[in-house]
Amino acid sequence: MSNQTVAIVGAGVMGCATALDLARHGYEVLLKDISSDALHRAKHVIKQEYRAAGMIRNEYLSVDLNTIYERIFIQDDYANFERADVIVENVSEDLEKKTAVYAELAEVCSSKALFALNTSCISITKLASHLPDPSRVIGVHFMNPVPLKEMVEVIRGYHTSKETEDEMVAFLRTVGKKPVVIDDLPGFVSNRLSHLFMNEAAYLVQDGIATAKQVDQIMKQGFHHKMGPLETADLIGLDTVVHSLEVLYDSYQDPKYRCCPLLKKMVDAGLWGRKSGRGFYDYSDGGYV
């Protein structure tokens with residue numbers, strides 16, 4: 001890569017965590033959002049992610065947080081985006097919002113830039129059709145938490161070139177990631193499987209078969225998953241899980257993706273998981289709901 005600059009659109013938890021990980025590996029990062037609240041919280045979120053990663057992997061702290069901050073430029077506009085080699089799009093899972101951002105990016109970004117779309121369920125081919133050169137577009141699905149998860153799901157759209165694929169794989173390896181390149185259909189591999197797990201786990205709780213803690217305990221102790229499906233749903237955000245299930249259902253028209261009513265009820269009640277302080281678990285005191 002020429003000037004080692006990466007631009008990230010969307011300063012939510014995933015955007016901030018990705019910015020942290022890239023900056024830790026020496027990249028200059030332009031972190032852009034239109035929400036003043038998100039921009040105000042960004043440094044705090046980055047600090048939280050940094051400390052959390054350091055508690056599990058002490059070597060993560062080998063790069064000082066202030067050094068990382070110096071490499072991240074938090075902004076509400078597209079200043080210097082023309083210098084970016086890679087554009088990472090982290091806009092919420094809303095096709096209209098994403099395509100509106102793509103129209104803006106097309107006006108300011110270099111024609112040589114790689115577009116890495118970090119979507120959870122929407123087809124990369126569909127999204128790429130809204131950008132000027134679909135051959136320079138590829139899906140890059142970082143796992144949460146980004147600093148600790150080495151595997152990255154990389155999705156080839158219909159028009160993604162081999163050159164783009166090779167460049168993206170090489171870039172991800174410079175930040176210690178292990179890319180797995182797959183083809184494109186909505187949900188890809190990780191979310192077609194994980195959302196079935198989370199949805200069925202919610203049905204088990206709804207049907208009174210087991211508590212959320214028991215469901216997660218069985219999956220962790222019986223199948224050696226690091227997190228249970230309902231802990232994962234709380235981490236992602238139940239609102240995001242419900243929306244992704246709706247995208248999968250609309251895409252495949254398959255009843256297996258029909259969203260559990262309990263999930264919808266919890267979202268309506270504002271129980272979104274960690275982001276709201278309560279979901280299947282209560283995060284105000286670390287206990288279970």
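Rings of Phe, Tyr and Trp (its six-membered ring) pair if their centres lie within 6.5 Å; planes under 30 degrees apart count as stacked, over 60 as edge-to-face and the rest as tilted. By this rule, the structure holds 4 aromatic pairs. In one of them, the ring centres of Tyr 27 and Phe 171 are 5.3 Å apart and the planes meet at 75°, so this pair is edge-to-face. Tyr 27 lies in the loop between helix 1 (13-24) and strand 2 (28-32), and Phe 171 lies in helix 6 (residues 162-174), so the pair ties together parts 144 residues apart in sequence. Helices (H or I, at least four residues) and strands (E, at least two) are DSSP runs, numbered from the N terminus. Both Tyr 27 and Phe 171 are buried. Buried means under 20% relative accessible area, exposed over 50%, and partly exposed in between (1.4 Å probe, protein chains only).

The model is predicted: local features need pLDDT of at least 70, side-chain atom pairs count only at pLDDT 80 or more, and totals for chains, interfaces and linings use all residues. Residues are numbered from 1 along each chain as its sequence is written, and side-chain values use heavy atoms, without hydrogens and water.

Ser 276 is found in the segment after helix 11 (261-268). Its relative accessibility is 36%, so Ser 276 counts as partly exposed. Beyond neighbours within four places in sequence, Ser 276 is in contact (heavy atoms within 4.5 Å) with Gly 270 and Leu 271. From C-alpha to C-alpha, Ser 276 and Gly 157 are 34 Å apart in space, and 119 residues apart in sequence.
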